[in-house]
Amino acid sequence: MKARGTLLMVLPNKDQLKFHSYKDAKLLMEAIEKRYGGNKESKKVQRTLLKQQYENFAGLSLETIDQTFDRLQKLISQLEIQGEVITQEDMNLKLLRSLPSEWKTHALIWRNKQEIETISLDDLYNNLKIYEPELAGSSSISQNPQNVAFVSSNSTNSNCNSSTNEADNTAYGVSAAHTQCNPKYGDNLSDAMIYAFLASQPNFP
């Protein structure tokens, strides 16, 4: 609806009623291109629409930095073809502001660097790519704070020490290999695993 409204606003007043029946922005754009055939009015409409897309540009959910960069680069190229002049600093800031929240720290650092006014968009992108593995790792850890696997065992006669050692090797972040086994928590591997997991929880008595 916003795109349709923008298209209608930039049309000459005498032609407003002719295109008002088009409720879809894509169909409206096709009708405008067919009616004006690439003349000044059509170019003006296209330039206005591209400028609006640039102003509202933002990274999409689950989009990688590569995809965001490619979309922005194509949009800038289209604007330049239309004769729009965008400063280097504005391009760079647009990319930094469109990044997801996990990039906030790195984006803030780059926004305050003096070279943000002169560095090319390609060079800025390449510098940001260096941080991608680090951010991917931190995101994985935050989504899986405890990587604990419960392993069942058919052997109910396993001795306490072997159960505890195996629990220690399987449960992430749990150190129980050197503790004395407490028969209260069972003598099979499954019970040892459950106890190791519970012991790793905050405020566990």
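Modeller: Welcome! Contact here means that heavy atoms lie within 4.5 Å, while helices (H or I, at least four residues) and strands (E, at least two) are DSSP runs, numbered from the N terminus. The model is a predicted one, in which local features need pLDDT of at least 70 and side-chain atom pairs count only at pLDDT 80 or more, whereas totals for chains, interfaces and linings use all residues. Residues are numbered from 1 along each chain as its sequence is written, and side-chain values use heavy atoms, with hydrogens and water left out.

Biologist: Thanks! How many helices does the chain have?

Modeller: Read from the N terminus on, the elements run α-α-α-α-α-α-α-α-α-α-α. The number of strands is 0, and the number of helices is 11.

Biologist: What share of the residues in the chain is buried?

Modeller: Buried means under 20% relative accessible area, exposed means over 50%, and partly exposed is in between (1.4 Å probe, protein chains only). Of the 205 residues in the chain, the buried share is 31%.

Biologist: Let's look at packing. Is the crossing of helix 1 and helix 4 left-handed or right-handed?

Modeller: The axes of helix 1 (residues 2-9) and helix 4 (residues 40-55) come within 9 Å and cross at roughly 145 degrees. Those axes are lines fitted to C-alpha atoms, for helices over the stretch in contact, and angles run from 0 to 180 degrees between N-to-C directions. A crossing is left-handed if the near helix is turned anticlockwise from the far one by less than a right angle, and right-handed if clockwise. The crossing of helix 1 and helix 4 is right-handed.

Biologist: How many of the residues in that contact of helix 1 with helix 4 are nonpolar?

Modeller: Helix 1 brings Lys 2, Ala 3, Thr 6 and Leu 7, and helix 4 brings Val 45, Thr 48, Leu 49 and Gln 52. Ala, Val, Leu, Ile, Met, Phe, Trp, Tyr, Cys and Pro count as nonpolar, Asp, Glu, Lys and Arg as charged, and the others, Gly among them, as polar. The contact has 1 charged and 3 polar residues, and the nonpolar ones number 4.

Biologist: Which helices are included in what covers the buried residues of helix 6?

Modeller: The buried residues of helix 6 are Met 91, Asn 92, Leu 93, Lys 94, Leu 95 and Leu 96. Their cover includes helix 4, helix 5 (65-81), helix 7 and helix 8.

Biologist: Why are the buried residues of helix 8 on the same side?

Modeller: Helix 8 (residues 121-129) buries Leu 121, Leu 124, Tyr 125 and Leu 128. The arc is that of the directions from the helix axis to the C-beta atoms. These residues are on the same side of helix 8 because the arc they cover around the axis is only 100 degrees.

Biologist: Which residues does Leu 99 touch, leaving out those up to four places away in sequence?

Modeller: Leu 99 is in the loop between helix 6 (88-97) and helix 7 (104-111). With a relative accessibility of 10%, Leu 99 counts as buried. Beyond four places in sequence, Leu 99 touches Ile 65 and Leu 128.
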